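Subject: Handover of a structure

Dear colleague,

Please find below the structure that I am handing over to you.

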Amino acid sequence: MKTSRMIGATAAAALLAVAAGGPVDGADRADRAEPSARVNGADAVARSDGEGQRLRAEGRFAPPDGTGAPRAVTYDRRLVPEGARIAVEQRVDGAGTRVAVAVRGLLPGHTYGVHVHTAPCGADPDDAGPHYQHRPDPVRPSTDPAYANPGNEIWLDLTAGPGGDGRAATLHPWNFRTGEARSVVLHEHATRTAPGEAGMAGGRVGCFTVPLLGDGGDGGGHGSGGGEGAGS
Ligand SMILES: [Cu+2]
């Protein structure tokens with residue numbers, strides 16, 4: 001499972017560079033980005049090409065207000081300052097699912113636990129639900145390392161650099177069940193791995209709603225990870 005945990009900063013950069021000019025990779029350009037790069041104000045764009053499907057979503061953190069939660073919501077303005085930015089990019093192809101996250105404007109030097117969760121963000125940090133698991137743990141909350149591990153979940157822990165920026169990426173040989181992976185949550189510290197606390201990363205300090213691409217129910221063959229070699 002170690003091999004699926006991180007594909008490294010270089011790969012993350014490559015994945016996030018696919019859509020040029022986003023607010024994280026080019027924050028100074030974001031405010032004058034071409035309107036055509038967005039779809040009716042919904043800052044998530046999905047498309048298909050010969051290499052599979054891609055999705056890119058970007059957001060700017062803001063606190064919840066009386067009408068609900070913004071798409072990127074901060075629950076802790078010290079660790080996730082208002083105005084900090086996040087971009088999530090996903091690629092689904094024969095190799096499986098790649099997810100990359102890039103942030104800007106977080107607390108320099110701080111390490112965040114970051115995971116894909118099952119539900120959209122809300123005004124309440126718990127609204128995002130539990131971690132997405134490829135093999136669901138029958139026990140909740142899931143703190144058994146047999147299930148709460150970076151091969152069975154998407155962990156994107158990152159440490160903000162001196163300028164508050166950070167990035168992480170993963171590759172898993174499976175795809176999400178459609179509609180069951182809907183947010184990326186930032187937590188207050190790095191993700192634990194010991195039995196009884198595996199997957200825990202402290203309080204939820206930020207959340208970004210992303211309609212991550214699933215297997216689409218097109219036969220269900222993706223979930224087993226068959227074909228394409230690779231293994232692990
Ligand atoms: Cu989490």
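**Confidence and conventions**

The protein chain has an average pLDDT of 81, and 75% of the residues score at least 70; pLDDT is the predictor's confidence in each residue, from 0 to 100. This is a predicted model, in which local features need pLDDT of at least 70 and side-chain atom pairs count only at pLDDT 80 or more, while totals for chains, interfaces and linings use all residues. Residues are numbered from 1 along each chain as its sequence is written.

Two stretches call for caution. Over residues 1-6 the pLDDT stays under 50, and the model has 15 contacts beyond four places in sequence for them; two residues are in contact if their C-beta atoms, placed from the backbone, lie within 7 Å. In residues 217-232 the pLDDT is also below 50, and this stretch has 17 contacts in the model beyond near neighbours in sequence.

**Overall composition**

The secondary structure of the protein chain consists of 2 helices and 10 strands. Helices (H or I, at least four residues) and strands (E, at least two) are DSSP runs, numbered from the N terminus. Read from the N terminus, the order of the elements is α-α-β-β-β-β-β-β-β-β-β-β.

Of the 232 residues of the protein chain, 43% count as buried. A residue is buried if 20 or more other C-beta atoms lie within 10 Å of its own, exposed if 12 or fewer, and partly exposed in between, with C-beta atoms placed from the backbone. Among contacts in the protein chain with a separation of 6 or more, 68% are between residues 24 or more positions apart.

**The two sheets**

Strands are taken to pair if DSSP finds at least two bridges between them.

E9 and E10 run antiparallel and are joined by 5 bridges; Leu186 has Gly206 in E10 as its bridge partner. E6 and E9 also pair in the antiparallel sense over 5 bridges, with Val114 opposite Leu186 in E9. E6 is joined to E7 by 2 bridges, and Tyr112 stands opposite Leu158 in E7. Because 6 of the 7 residues of E6 are buried, this strand is largely enclosed by the rest of the structure.

**The largest nonpolar core**

A nonpolar core is a set of buried Ala, Val, Leu, Ile, Met, Phe, Trp, Tyr and Cys residues joined through C-beta atoms within 7 Å. The largest one has 43 residues, of which Val88 and Val101 touch the most other members. Elements that give two or more residues to this core include strand E4 (85-93), strand E5 (96-104) and strand E10 (204-209). The most comes from E5, with 5 residues. Leaving aside residues up to four places away in sequence, Val88 touches Ala57, Val99, Val101, Val184, Phe208 and Val210.

**The loop between E6 and E7**

Gly122 is located in the loop between E6 and E7. It counts as partly exposed, because it has 17 C-beta neighbours inside 10 Å. Apart from residues up to four places away in sequence, Gly122 touches Ala69 and Asp127. Its C-alpha atom is separated by 8.4 Å from that of Arg71, 51 residues apart along the chain.

Pro136 has its place in the loop between E6 and E7, and is partly exposed, with 15 other C-beta atoms within 10 Å. Pro141 also lies in the loop between E6 and E7. The peptide bond from Arg140 to Pro141 is cis, with omega near -5°. In general, most peptide bonds are trans.

Yours sincerely
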